[in-house]
Amino acid sequence: PLIGELDEAHWPRKYPACEGNRQSPIDLQTKKVHYKPSMKALSLVGYEAQAGEFSMTNNGHTVQISLPSTMRMTAPDGTQYVAQQMHFHWGGAYSEISGSEHTIDGVRYVTEVHVVHYNSKYQSYDEAQTAPDGLAVLAALFEVRDYAENTYYSNFISHLKDIRYPGQSTVLSDLDLQDMLPENLHSYYSYWGSLTTPPCTENVHWFVLADTVKLSRTQVWKLQNSLLNHQNKTIHNDYRRTQPLNHRVVEANFKFLPNSELHFYLNNIDNNLEYLRRFIEQKKAKGKRPW
Ligand SMILES: *[C@@H]1O[C@H](CO)[C@@H](O)[C@H](O)[C@H]1NC(C)=O
């Protein structure tokens, strides 16, 4: 992706950290992940429904929502982080639907959300962003569920049309981040990396949730096609390619069972049941028996 006039390959010219050896995103290779059951669930405070005014901005690269400092995350090592903002990465170029930044065993997911936090021992994000232990990002990957609209995303997605042009902002009056995250918040991957956009600072403790958020195809399409960049082109594929792991270790607090095939079939069955359910409902609405 382009940041200003600079494409990804040329980031290091202006931002040397971008060619460091602890960069993000990475491919999470499940066979190489270190299982660490002692890593407790993240403690998330203030993530549930909040009334207030949360500004939502098209910054020319993504949609970003400002978060209140009452939202906190405590990492398994006890470090407390304060939420700053959340933003999304997606695909959409050449009708390619996948646009997550982290991949799992080489598979790119549809979308990825980053909830960016700073270490509470610093006074502000500005102060923390250059500190070696400054930042933490909670990330979640998205999958498409064809038939089911995720109503927890309806409000957010309906506001995208109000911020078509870069620099435009709108306000969300309610925000329930817990509902916008995957159902299972317990299982995650963790590693040390960087910001995925310049200045690529290598001070980010990453937490990538193992469970995914599900959106309908229409919702994903709206996310991919609502916003324009500074050249008035639709923002597509705003993800950075995966970076070498080098000597880093990725830890996970869950056992990766070799059941992905089973999972795949269960998902298919689930989708088919949902389709049948809707089919029957439609028939009922027309006053006919479905058989
Ligand atoms: C983008 O489109 C808007 C609205 O049509 C226009 O005002 C603006 O000048 C355009 N910007 C560029 C860079 O073309």
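Between domain 1 and domain 2, the salt bridge count is zero (a salt bridge being a side-chain nitrogen of Lys or Arg within 4 Å of a carboxyl oxygen of Asp or Glu). This is a predicted model, where local features need pLDDT of at least 70, side-chain atom pairs count only at pLDDT 80 or more, and totals for chains, interfaces and linings use all residues. Residues are numbered from 1 along each chain as its sequence is written, and side-chain values use heavy atoms, leaving out hydrogens and water.

**The two domains**
- Domain 1 covers 8–254 and domain 2 covers 257–291, with bounds taken from an automatic or database domain assignment.
- Their C-alpha centres sit 31 Å apart.

**Where they meet**
- Five residues of domain 1 touch six residues of domain 2, contact meaning heavy atoms within 4.5 Å.
- About 510 Å² is buried between domain 1 and domain 2, with carbon and sulfur atoms giving 45% of that; buried area is the accessible area (1.4 Å probe) that two parts lose on being put together, summed over both.
- Arg145, Tyr147 and Ala148 supply 87% of what domain 1 buries against domain 2, more than any other three residues.

**A look at Tyr189**
- You'll find Tyr189 in strand β15, residues 188–193 (strands are DSSP runs of E, at least two residues, numbered from the N terminus).
- Tyr189 counts as buried because its relative accessibility is 2%, and buried means under 20% relative accessible area (1.4 Å probe, protein chains only).
- Lys31 is 158 residues away from Tyr189 along the chain, and their C-alpha atoms are separated by 13 Å.

Terms used: Helices (H or I, at least four residues) and strands (E, at least two) are DSSP runs, numbered from the N terminus. Buried means under 20% relative accessible area, exposed over 50%, partly exposed in between (1.4 Å probe, protein chains only).
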